[in-house]
Amino acid sequence: YRHVLLVKPTGTTASPSFEAVGIHAGGIAWVGHYLYVADTSYGLRVFDMDHILEVSTDTDTIADSTP
């Protein structure tokens with residue numbers, strides 16, 4: 001399986017950027033085009049799934065299952 005990187009927008013309209021949302025998810029629900037995430041520290045967060053982007057990260061997202 002793969003992980004999903006939840007991000008929030010930063011920067012400006014002319015120079016947009018994103019940063020990772022540090023979150024401990026206590027539960028999730030996907031309704032319509034919104035992903036609702038229960039954040040154990042900050043309450044309910046809502047992410048718009050109409051804006052899914054494929055990005056590369058600095059880290060390997062596939063866990064090595066070999067002993």
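**A strand pair and its aspartate**

Strands S4 (residues 34-39) and S5 (residues 43-48) run antiparallel and are joined by six bridges. Strands pair if DSSP finds at least two bridges between them. This is a predicted model: local features need pLDDT of at least 70, side-chain atom pairs count only at pLDDT 80 or more, and totals for chains, interfaces and linings use all residues. Residues are numbered from 1 along each chain as its sequence is written, and side-chain values use heavy atoms, with hydrogens and water left out.

Step back to the whole chain. The chain has five strands and zero helices. Its pattern along the sequence is β-β-β-β-β. Strands (E, at least two residues) and helices (H or I, at least four) are DSSP runs, numbered from the N terminus.

Now return to the pair. S4 and S5 form a hairpin, with three residues between them. Asp-39 lies in strand S4. Its bridge partner in S5 is Gly-43.

Is Asp-39 buried or exposed? Asp-39 counts as buried because its relative accessibility is 6%. Buried means under 20% relative accessible area, exposed over 50%, and partly exposed in between (1.4 Å probe, protein chains only). Across the chain of 67 residues, buried residues make up 10%.

What does Asp-39 touch? Leaving aside neighbours within four places in sequence, Asp-39 is in contact (heavy atoms within 4.5 Å) with Ile-23, His-24 and Arg-45. A polar atom of the Asp-39 side chain also lies 2.9 Å from the backbone nitrogen of Ser-41.

Methods:
A polar contact is a pair of N or O atoms within 3.5 Å; within protein, one must be able to donate a hydrogen and the other to accept it, and residues adjacent in sequence count only if both atoms are side-chain atoms.
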